[in-house]
Amino acid sequence: MTILAIESSCDETSAAVCVNGKIQSNVVATQLIHEQYGGVVPELASRVHQQRIVPVVERALHEANIQKNALTAVAFTRGPGLLGSLLVGTSFAKALALALDIPLIEVHHMQAHVLAHFIDEQTIPQFPFLCLTVSGGHTQIVLIRDHLDMEIIGQTQDDAVGEAFDKTAKLLNLPYPGGPLIDRYAQQGNPLAYPFPEVEMPGLDFSFSGIKTAFLYFLRDRMKANPDFIEQNLPDICASIQHTLIKILLTKLRRAARQTGIREIALAGGVSANSGLRASLADLGRQEGWNVYIPKFEYCTDNAAMIAMAAHFKYLKGEFTSQEVSPLPRW
Ligand code: KG4
Ligand code: ZN
């Protein structure tokens, strides 16, 4: 089983090669063009994917020391994501599979974030486990019974937590994507400097739009009194907002673990790169007696290795995709 996998759902063009379930290469080209616009511009993203996809795939094959005709399947992210971006990866994968006369495997991007935990054999969660999947577009608590048997038991009703990070960063005049910068400044700040309200949602669902508005009013008031408020207090502001977002996430995760009785707890998605979240989850895990699984940094944000891993499990089950397939931006 030699799978070439392609990820192009948002602003990373990535290709990976996986042989018998082992990742041999994982090339990720991040698009920097969006920084100047304060967010991903879909039209630009798809054009850059188109420029990058051939060299990225060639490098992934080269690094894995695999010739094209040794491939036994081509996998791609079918969704969710930006339509134009998904189209580039989907069309490329379809064309390559057709030319080589090998099967095509569609992959769900969020399922792949969870399955990134199976890349490194030493740290594989036991079934059933819970995964807090936190990215720029999603915030979910997922119950995983088997590789391809997953159920979302809680999710955001409005913004994703990554969006909350990025939007608050934008209000602080930080460039896109702001999440990693909030993380960096927060490391020098006091998380209890400014308390922000937490919106209480029923059950296991989340809401992040209220905190964004509260943060906007908070900044407006402070800036009225002191126009240099942000410059003078950036670490404390970042630490406080990050602390609140993490608290909202972990409160629900603890509730989910207690409700289900599951103690195998994983973290996935771009926001799992956040150092505060990683440390707080490890602490909570010790308190609650959980086995906690935190992905390596390279597999937190978007990458094709996780797509290849998901494709590996689909290949084993013979779950192939027809050439008629088209992307599903809202899958
Ligand atoms: O999974 P991902 O790469 O793409 C999506 O599928 O959305 O997640 C991207 C999100 C962005 O919102 C970005 O700001 C956030 O992950 N992110 C972080 C950190 N690194 C990436 N948020 C907070 N702290 C970080 N260190
Ligand atoms: Zn993602």
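**Helix packing and the zinc site**

Helices H6 and H7 are roughly antiparallel to each other, and therefore fall in the class of angles over 145 degrees. This is a predicted model, in which local features need pLDDT of at least 70 and side-chain atom pairs count only at pLDDT 80 or more, whereas totals for chains, interfaces and linings use all residues. Residues are numbered from 1 along each chain as its sequence is written, and side-chain values use heavy atoms, without hydrogens and water.

The axes of H6 and H7 (residues 229-260) cross at roughly 160 degrees and come within 12 Å; axes are lines fitted to C-alpha atoms, for helices over the stretch in contact, with angles running from 0 to 180 degrees between N-to-C directions. In the contact (heavy atoms within 4.5 Å), residues of H6 including Phe215, Phe218 and Leu219 meet residues of H7, among them Ile237, Ile241 and Leu245. By class, this contact of H6 with H7 comprises eleven nonpolar residues, one polar and one charged.

Helix H4 (residues 161-171) packs against H6 (residues 209-225) at about 15 degrees, with the axes 10 Å apart. H4 is therefore roughly parallel to H6, a term for angles under 35 degrees. Lys167, Thr168 and Leu171 of H4 make the contact with Lys212, Phe215, Leu216 and Leu219 of H6.

The zinc ion (ligand 2) is coordinated by His109 (NE2), His113 (NE2) and Asp302 (OD) at 2.0 to 2.1 Å; donors are N, O and S atoms within 2.8 Å of the metal (3.2 Å for Na, K and Ca). His109 and His113 both lie in helix H3 (residues 109-115), four residues apart, and both are buried (under 20% relative accessible area, 1.4 Å probe, protein chains only).

Notes
Chains lettered and ligands numbered in written order. Helix = DSSP H or I, 4+ residues; strand = E, 2+ residues; numbered from the N terminus. Buried < 20%, exposed > 50% of the residue type's maximum accessible area, 1.4 Å probe, protein only. Parallel < 35°, antiparallel > 145°, perpendicular 65-115°, else oblique. Nonpolar A, V, L, I, M, F, W, Y, C, P; charged D, E, K, R; others polar.
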